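Here is a short briefing on strands and nonpolar cores. Look over the sequence and the model, then read on.

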Amino acid sequence: MRWSAHHALVSVLVGVAATTGATGSASVPRALAASALPGSTGAPAPGTDGRGGAGATVAYDVVEAETGHTDGQVIGPSQRQGTLANEASGRRAVTLGSAGSSLALVLPRAANAVVVRASIPSDEDGGQARVSLGLTVDGVAQTPLALTNAFTHKRDDEANVGGPSHLFDDARVLLDATHPAGAVLRLTTTSAVPVTVDLVEVESVEPPSSRPATGISVIEAGADPTGVRDSTEAIRTTIERARRAGVPVWMPAGVFRVSDPADRFQPTFLVDDVSIQGAGMWHTTIVGSTGLFSGHVRDDAGSTTASRNVHIADLAMSGEVTERNDAHPTNAVGGALVDSSVTRVWIEHFKTGAWMKGPTRNLLFDGVRVRNTLADGIAFGPGTTDSRVEQSDVRGTADDAFTTLSTPKQAENTGNVFRANTVRTTVRGNGVAVYGGDALVTGNHFGDVAGGAGMHVGQRYGSRPVGDVRFTANTVVRSGEYSRIWGQGTGAVNVFAEEGPVAGPVVFEDLLVEDSPFGAVQFQFGHRIDGVSLDDVVIRRTGTYALQIETQGSARIHGVSARDVGAVHDVWDERCASGFELTDRVGTTGWDPDDRACGQRFRYPASAFADASDPQFAVTSHDRHAEYVPGTSVRFTGTGTPRAEVALESAQAGQAPASGRVDDDGTWRIDRFLGTGPYRFVVRQTTGRATPRELPLELRALPLLGSPTSGSSLPGRTVEFSGHGTPGRTIRLHVTNFSSPDVETVVRSDGSWSARRFIGTGRYRFDVTQRTPADEVEIAVRGVVLNP
């Protein structure tokens with residue numbers, strides 16, 4: 001899927017949705033839909049200016065639910081943890097709240113397979129429920145989607161999230177035929193149980209592949225492809241036969257149910273020197289409730305060893321793990337593997353998709369889709385070296401999507417690479433985390449990481465010191481969380497010296513950070529952080545700061561641009577006096593590294609605590625950065641929660657706030673006299689909740705002299721001078737480099753002024769001043785040169 005094409009598709013669908021409304025008719029004009037929605041194929045694209053990473057090239061297209069046509073309710077966006085909107089892609093979704101409610105979407109490409117990410121409620125007792133969601137394509141009924149809450153609404157992180165989390169799950173189904181681009185796919189509830197739909201993936205799936213010429217089929221040993229009888233021993237027997245013969249294990253299309261081993265600390269299948277080949281991730285499925293495939297970790301003599309030459313491909317591993325227990329290895333893939341691969345595999349409902357142990361080496365994960373795990377997606381545990389995750393897609397993890405953990409008990413993790421992957425909607429943990437050792441993270445796309453940072457590096461969890469870590473050409477979108485444990489927001493990019501100093505080198509290069517709910521880049525406390533470089537970084541739209549600094553140290557910043565920083569200041573620095581140095585600074589644009597809030601409590605954006613379904617709190621009279629007429633009473637207006645208190649508070653000491661109240665119609669107004677400025681304000685709405693909602697404003701006075709500009713050549717003509725000032729005040733033009741009569745005028749009621757005087761052929765130097773009735777200078781622009 002091209003991300004650029006995907007974004008274009010979403011924008012078109014948003015236009016359709018906007019014209020029909022969230023509660024309009026459920027029909028979709030076929031001609032409009034077909035003509036407006038081209039397909040999107042190929043690799044995703046980075047940001048519009050070329051910054052950042054594209055992520056994985058996948059075989060499907062994503063259609064966001066909120067871009068369709070529905071009689072349900074569009075929810076979000078929201079940053080409030082433990083809510084459906086917060087865990088949704090794009091932080092928005094659609095709730096179908098009653099029987100017969102429907103959502104219609106248009107296929108952007110020909111497709112014969114559908115994945116729906118959806119959520120159904122959990123009762124107070126945590127009971128499991130199953131719901132059928134009707135599916136049609138152009139009116140032709142398809143196999144209904146079976147939804148369950150068995151793997152959702154987990155409470156293990158309730159203290160931090162404030163309630164259950166992990167609210168969505170995936171359901172997938174093959175269609176009756178390949179339907180063309182432009183066909184209308186409709187989802188319809190069949191009961192009163194509400195269904196919230198996040199997104200739909202549509203794909204054209206190839207038929208089941210054929211048995212390898214030399215492969216040994218598990219059917220020959222008695223495996224049951226219907227999923228009724230247990231196939232554990234048949235698969236185990238076939239694995240051993242194939243290993244001895246040096247040929248692949250063949251697992252044809254079907255569902256193969258396996259049982260737990262007698263020792264739950266052991267995997268179902270211990271594999272070594274064998275290939276396991278399925279008919280495709282949509283056709284061959286293994287179902288089990290404990291760990292499936294594992295390499296050796298120690299031999300009979302207790303020596304560290306590893307399985308070699310293990311290759312698992314073209315199948316799905318569907319777990320039935322409903323609770324996280326870190327004492328049990330309930331991982332789809334685990335142990336130690338050398339010179340091995342896992343390719344084109346679907347993994348869901350395990351504790352982790354993969355947790356590798358040392359001495360894993362030269363292991364490749366390629367084209368893997370990990371969905372809805374209770375912990376990590378793919379983890380390179382201690383002692384993993386020279387291994388890669390490429391072109392893989394991870395969604396819905398309850399811990400780090402990708403991680404490498406290097407500890408002193410094993411050889412250092414080195415040479416590991418995470419390249420061209422996509423991570424979306426993690427509900428706990430980070431998009432990628434490097435805990436000690438070396439790593440390369442390149443070409444990835446991290447989006448909606450609601451449980452941590454998009455990218456994280458640090459010495460934590462007993463890890464070794466951080467080594468040479470390179471983050472190159474990555475994109476981080478809508479990532480970062482509010483941690484109730486730490487009592488603060490997590491940056492979209494996080495460097496954490498919790499257990500030891502970070503000396504690096506740690507390089508962030510060609511990075512795009514967009515729409516982070518809190519800070520863009522965070523340096524977190526514990527020990528010094530040095531050796532970090534930010535090179536060619538673009539930051540767009542932060543909830544708080546461009547940089548969030550909570551420790552001592554230094555970082556090199558080169559070519560770092562930022563715009564639409566949400567906080568009053570660009571940098572929050574907990575220890576301004578004791579120092580965190582930002583060096584180089586070449587190419588710094590749109591923000592000021594020295595514009596720091598020192599030692600203050602964070603000011604959090606409203607989005608961190610409130611849903612977008614709340615009345616919209618906004619300033620409508622002024623942009624984030626605005627100008628005003630100096631020496632006048634300026635009216636500030638906006639919208640908010642009826643009867644809430646609104647205060648206009650200055651960030652500068654010694655200035656009293658101005659306040660008002662939101663009227664019953666949801667609007668508010670505050671008048672305040674503004675002098676010559678500039679001013680930094682926080683507009684705060686208080687409704688009795690623990691945390692007010694806040695918006696920053698930065699205002700500067702309109703220029704005293706707008707025209708002509710210093711350095712202009714205007715010889716031998718009458719020139720009009722103009723600008724802005726305080727109404728009623730006198731403006732004086734005074735020539736300072738030779739004797740000449742002054743020219744005076746009075747500022748008009750709208751704050752503008754103008755005056756004309758003849759400019760000869762010589763050089764003129766002017767002072768332009770605004771003067772009080774007592775002839776004292778209030779504002780001055782000095783040294784204006786004409787005819788230089």
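This is a predicted model: local features need pLDDT of at least 70, side-chain atom pairs count only at pLDDT 80 or more; totals for chains, interfaces and linings use all residues.

**The open sheet**
- Three strands form an open sheet in the order E50-E52-E55, with antiparallel pairing.
- Its edge strands, E50 (618-619) and E55 (667-674), each pair on one side only.
- E50 and E52 (residues 632-639) are joined by two bridges.
- Strands (E, at least two residues) are DSSP runs, numbered from the N terminus.
- Two strands pair if DSSP finds at least two bridges between them.

**Strand E25**
- E25 (residues 352-356) is largely enclosed by the rest of the structure, because four of its five residues are buried.
- Buried means under 20% relative accessible area (1.4 Å probe, protein chains only).
- E25 pairs with E23 (residues 331-335) in the parallel sense, over four bridges.
- E25 also runs parallel to E28 (residues 378-380), joined by three bridges.
- Met-356 stands opposite Gly-335, and its bridge partner in E28 is Phe-380.

**Nonpolar cores**
- A nonpolar core is a set of buried Ala, Val, Leu, Ile, Met, Phe, Trp, Tyr and Cys residues joined through side-chain atoms within 4.5 Å.
- The largest has 87 residues, and Phe-508 is among those touching the most other members.
- A second, separate core of 28 residues includes Ala-65 and Leu-96.

Terms used: Residues are numbered from 1 along each chain as its sequence is written. Side-chain values use heavy atoms; hydrogens and water are left out. Buried means under 20% relative accessible area, exposed over 50%, partly exposed in between (1.4 Å probe, protein chains only).
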